[in-house]
Amino acid sequence: SSIYRSGVYGHRPVVPTSPDALADAARRRMSRTAWSYVAGGAGAQRTVEANREAFGRYRIVPRQMVDVGQRSLTTTLLGRELPAPVLFGPVGALELAVQHQRGRGGRGAAPRNAEPALARAARDLGLPVVISSQASTPMEDTAATLGDSPRWFQLYWSSDDALVESFVTRAEASGCEAIVVTLDTHVLGWRTMDLDLGYLPFARAEGIAQYLSDPAFQKLVEERVRAATPPGTTSARPTIAAVRSLLSMAAHHPGPTLRNLTQPYARAAVETFLDVFSRSTLTWADLAWLRERTTLPVLVKGIQHPDDARAALDHGADGIIVSNHGGRQVDNAVASLDTLGPVVDAVRAHSGADPAGPPVPVLFDSGIRTGADVFTALALGADAVLLGRPWVYGLALAGADGVRAVTEHVLAELDLTMALAGVAETGQIGRHNLAG
Ligand code: FNR
């Protein structure tokens, strides 16, 4: 209601409330490379479109004369009470959104301020951040900014066991309350917009801070450099910080980075990253290995089929994230929202077999732009949702204030939608609120 009240006094919101206007403003602010990376999807962008189009096929049915004077968005997730069923989804190479802006010669704000801004906004709102494996800032720094505010860690399962273990150990030490393993990106999708610009931000400085700051990764880089150095040669080995600053220099110079990386250590760092980023040989049986290495709940992200949800639970997963990575991986893939109901049914039937066990959360993302979208996902059975591109647009437009504003708009619309659908608490939203 405070958003409406400031409207009464003629104050405009920090960022547009309409999702299309928000995206449009962000597109105008960001460089072409940054926009392509953030907004772009796989191939012909069909799944990016399908994710949005799907929301139009589920309709909310308003109900009248229900006492909704006292409403609450609070939710309990993995034993923690949250102010709303909303998380900040993992977004890698985030720095790109704030550094590559138009009219700033490709350079904008000071380096590495994207995650600090996200963390400040998340802390103000009390909503969890899912820290990306590809973050632009080491997780320890983000954790420090977050203070007591909740955080999870998103893992890309490296081909190097020691690196996986190191990431998990760091996540635990950084106060992360869950590990989210992203399953749908063991190879990178066919990202046409990035490919056409010759720019794959994933492997650039913006996206490998988590790796450069990791002792297991540093060891791999040093081994590679040693192997490439002829015996008897003594060369001063630069610190990882020096490699990092070199990479980030290269990243902010126009033109592709890798080509310009003649410095052997920096080149070795990028090559090592490309080698160990992921593992395409994983099968469900491998989940047990990870399950044994942490006491934290493990959620799997990228589930689109009820059989995969069942298999994940059979192999020790503690939660499911229904997602198609925002249409960035498989073009022509089914809209994520259309897979939500069947996955929810499978998970509920599966946990019905063990009623004494903890409830298995099903989270959802891919295509959420508004509070009404959140309502629809909750109505189809999601326990919470992850926001992706919208808060990145807010970040690009107005830093921490923009992230906060975008999220507040979503929460405000969710609250009003609940009021007008005759629901006082998020836990009461269900399929009965949808037509058909
Ligand atoms: C992502 N996503 C993502 N997911 C993940 O598990 N690790 C990551 O590092 C990233 N990085 C990333 C970067 C950018 C720029 C985007 C847009 C997305 C996927 C993200 O967590 C989420 O699944 C999608 O963003 C959801 O789709 P929408 O709602 O953004 O369309």
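**Chatting through the ligand shell and helices**

Tutor: Let's start at the ligand: α3 (32–39) and α19 (389–421) each supply at least two residues of the shell around it. Helices here are DSSP runs (H or I, at least four residues), strands are E runs of at least two, and both are numbered from the N terminus. Residues are numbered from 1 along each chain as its sequence is written. This is a predicted model, where local features need pLDDT of at least 70 and side-chain atom pairs count only at pLDDT 80 or more, while totals for chains, interfaces and linings use all residues.

Student: OK, how many residues surround the ligand, and which are the closest?

Tutor: There are 23, and the closest are Gly 92, Thr 182, Gly 326, Gly 388 and Arg 389. A residue counts as near if its C-beta atom, placed from the backbone, lies within 6 Å of the molecule.

Student: And what's the shell like by class?

Tutor: Six nonpolar, 14 polar and three charged residues. Ala, Val, Leu, Ile, Met, Phe, Trp, Tyr, Cys and Pro count as nonpolar, Asp, Glu, Lys and Arg as charged, and the others, Gly among them, as polar.

Student: Back to α19. At what angle does α2 pack against it?

Tutor: Helix α2 (residues 19–29) and α19 pack at about 105 degrees, with their axes 8 Å apart. Axes are lines fitted to C-alpha atoms, for helices over the stretch in contact, and angles run from 0 to 180 degrees between N-to-C directions.

Student: Which residues make that contact?

Tutor: Among them are Leu 22 and Arg 29 of α2, plus Tyr 393 and Val 406 of α19. Contact requires C-beta atoms, placed from the backbone, within 7 Å. The contact residues divide into ten nonpolar, no polar and one charged.

Student: New topic: why is α18 called largely enclosed?

Tutor: Eight of its nine residues are buried, so α18 is largely enclosed by the rest of the structure. Buried means 20 or more other C-beta atoms within 10 Å of a residue's own, exposed means 12 or fewer, and partly exposed is in between, with C-beta atoms placed from the backbone.

Student: What do those buried residues pack against?

Tutor: Their partners are α4, β3 (86–88), α17, β9, β10 (384–387) and α19. Just after α18, Gly 381 takes a positive phi of about 115 degrees.

Student: Last one, Val 68: where is it found?

Tutor: Val 68 is in the loop between α4 and β1 (75–77). It's partly exposed, with 16 other C-beta atoms within 10 Å. Leaving aside neighbours within four places in sequence, Val 68 is in contact with Met 418, Ala 419, Gly 422, Val 423 and Ala 424.

How values were computed. Two residues are in contact if their C-beta atoms, placed from the backbone, lie within 7 Å.
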